[in-house]
Amino acid sequence: MEKIVALCKRRGFIFQSSEIYGGLNGAWDYGPLGVELKRNLKDYWWKCMTQVRDDIVGFDGSILMNAAVWKASGHVDTFSDPLVECLLTKKRYRADQIEPQSGTAYFYKGITTNRAEAVIALPFAVLVPKGKPEASAQKTARQFYAGRGYAEAEIVSLDLEKSEVVENSTAFNPENGAQLSEPRVFNLMLKTYIGPVQDESAITYLRPETAQAMFVQFKNVLEVSRKKLPFGIAQIGKAFRNEINPRNFTFRSREFEQMELEFFVKPGTGPEWLNKWLEERLTWYEAIGIPRSKIHVLTVPDKDRAFYSQGTYDLEYEFPFGIQELEGIAHRGNYDLKQHQEASGKPLEYFDEELKSKYLAEVVEPSAGVDRTVLALLCEAFAEETVKDEESGKEETRVVLRFTPRMAPVKAGIFPLLKNKPELVAKAREIQKTLQPLMKVAYDEAGSIGKRYRRIDEEGTPFGITVDFETLEGAKVASTSATGSPIEAGQKDTVTLRHRDSMKQERIAIGDIFGYLLTKIS
Ligand code: GAP
């Protein structure tokens, strides 16, 4: 993972937010290449949802909504994680993510000091692995009491109450053995105030999911789009969660983007649509370069499902730091429409013309994380390999990002073989001008051609187009072009097309480049 994080910074995919001020935990900035990758991902999702199907319409809701939305949706009361705090370091953790520990726990009642009021009652416990002496527990306990305003030299003794063997306990910090606080419920929504007066009535939240605006606007969208069930509303946008422990690079952030579809279906058909969407989404991941074999489908057990869900599949990807959730596909039943109908007093039912009756639609929701998918694309694409340098023939390590051309931030690098030959430069610029309005390409004339190829390999650019002397003087030998059509000896206006993954080079007529690239990237 460190190599991927370093490459992301080096090549301008992802930077730490507010880096020059020491950063902000859980927030990230996408650099020039990262933003292109992210945009390609979102555009492709949008195209698959709203362009190539006619049963889904697009939507863009506001981030700030009336606080009543979050009360009715259940987020104010139930969107929370259990939080524990290390009594020694004050570091906070999600209680349900604490690795169970076994060992001997030493429970101290407090300390005896050499101050006037000698005995200080302040319970604290430390867990040490089986077989380790109490001395190591005492060391941690002393640090704890020293942190409570007692100098080490003042502590005459630690007052041990008892010691006992514990198995699989989550009451101690796995990093240092110190006792953790009792779990307390921590709401994950980021609170803010609307307007100049910061009182209770001005409170609202930065949306923790994009979904709610689509439920609240269900009636409006239905009316204007004249759709019949089943139909969906799709949205891509920012969401915010005050995660207790942001970690694993962008994987768990406090600000992130979601690509969410709310697919409204007839009552009773939710489970069937849940399975249909599972298949659809697995196929979609393959189309962006994440093989099915790397995605694990978890049927989320009842006890772990979100409060609104009647059935959920998690699509999990094999990240270098473990198998972790990429997307959740949930059968939300009619929970949300019902809640909003009741709380707002406005009808959100669907009138079924065939049945001549009204009912609340059920919802199946595939909800994917943009940032997590970008991270999965980077992990999937990253490769380090030993290759022969294309110019010197020497062995070297090549770092390459093998993005599918569809996702690649830049589709082609365009190079004049030499920068001091105006005819080569002019031709390369001409190709750049032709391609630029239609796809992202990059012109580069600096350094040897081998170095330029290595650079685009690291950036994940699938094609290199080199204008060389054969372009101007005619091909040396007859060959078959990348498109399959013949190139004759002496034919002018052909270029070298170099493939990132195989490093294979072939010729292609300049006039065929656009059509060829288009078939690869669309
Ligand atoms: N509307 C349903 C919903 O929000 P979720 O499983 O909580 O469901 C959906 O979130 C997706 O959003 C996740 O599968 C993940 O990809 C992304 N996501 C959730 N929390 C995230 C976080 N803290 N950082 C990055 N992505 C996150």
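**Helix packing and backbone details**

Student: What covers the buried residues of α7?

Tutor: This is a predicted model. In it, the cover over the buried residues of α7 includes β3 (56–58), α6 (211–216), β12 (231–240), β13 (255–265), α9 (335–344) and β17 (350–352).

Student: Which residues in α7 are buried?

Tutor: α7 runs over residues 218–225, and F218, V221, L222 and S225 are buried there. They lie on the same side of α7, because the arc they cover around the axis is only 100 degrees.

Student: And which residues are on the other side of α7?

Tutor: E223 and V224 are there, and they are exposed.

Student: What follows α7?

Tutor: R226 follows α7, with a positive phi near 50 degrees. In the loop between α7 and β12 there is also P230. The peptide bond that joins L229 and P230 is cis, with omega about -5 degrees.

Student: New topic, helix pairs. At what angle do α2 and α10 pack?

Tutor: Helix α2 (residues 32–51) and helix α10 (residues 370–381) pack at about 115 degrees, and their axes are 10 Å apart. Angles of 65 to 115 degrees count as roughly perpendicular, and α2 and α10 are therefore roughly perpendicular to each other.

Student: What is the handedness of the crossing of α2 and α10, right-handed or left-handed?

Tutor: The crossing of α2 and α10 is right-handed.

Student: Which residues meet there, in α2 and in α10?

Tutor: From α2, L37, K38, L41 and K42; from α10, V370, D371, T373, V374, L377 and L378. By type, the residues of the contact of α2 with α10 are 6 nonpolar, 1 polar and 3 charged.

Student: Next pair. How far apart are the axes of α11 and α14?

Tutor: The axes are 11 Å apart, and helix α11 (residues 422–435) packs against helix α14 (residues 510–521) at an angle of about 35 degrees. α11 passes α14 in a right-handed crossing.

Student: Which residues make the contact of α11 and α14?

Tutor: K427, I431 and L435 of α11 make the contact with I510, I513, F514 and L517 of α14. The residues of the contact of α11 with α14 divide into 6 nonpolar, no polar and 1 charged.

Student: Switching to single residues. Where is H75 found?

Tutor: H75 is in helix α4, which spans residues 75–78.

Student: Why does H75 count as buried?

Tutor: H75 has 1% relative accessibility, and buried means under 20% relative accessible area.

Student: What does H75 touch?

Tutor: Leaving out residues up to four places away in sequence, H75 touches W70, N187, M189, P208, E209, Q212 and F307.

Student: Last topic, phi values. What is the phi of K90?

Tutor: K90 has a positive phi of about 70 degrees, although K90 is not a glycine. K90 sits in the loop between β4 (80–85) and β5 (92–94). With a relative accessible area of 48%, K90 is partly exposed.

Student: And where is N168 found?

Tutor: N168 is in strand β8, residues 155–169. N168 is not a glycine either, yet has a positive phi of about 45 degrees.

Student: What is the relative accessible area of N168?

Tutor: 58%, so N168 is exposed; the cut-off for exposed is over 50%.

Technical notes:
Residues are numbered from 1 along each chain as its sequence is written. This is a predicted model: local features need pLDDT of at least 70, side-chain atom pairs count only at pLDDT 80 or more; totals for chains, interfaces and linings use all residues. Side-chain values use heavy atoms; hydrogens and water are left out. Buried means under 20% relative accessible area, exposed over 50%, partly exposed in between (1.4 Å probe, protein chains only). Helices (H or I, at least four residues) and strands (E, at least two) are DSSP runs, numbered from the N terminus. The arc is that of the directions from the helix axis to the C-beta atoms. Contact means heavy atoms within 4.5 Å. Axes are lines fitted to C-alpha atoms, for helices over the stretch in contact, and angles run from 0 to 180 degrees between N-to-C directions. Angles under 35 degrees count as roughly parallel, over 145 as roughly antiparallel, 65 to 115 as roughly perpendicular and the rest as oblique. A crossing is left-handed if the near helix is turned anticlockwise from the far one by less than a right angle, and right-handed if clockwise. Ala, Val, Leu, Ile, Met, Phe, Trp, Tyr, Cys and Pro count as nonpolar, Asp, Glu, Lys and Arg as charged, and the others, Gly among them, as polar.
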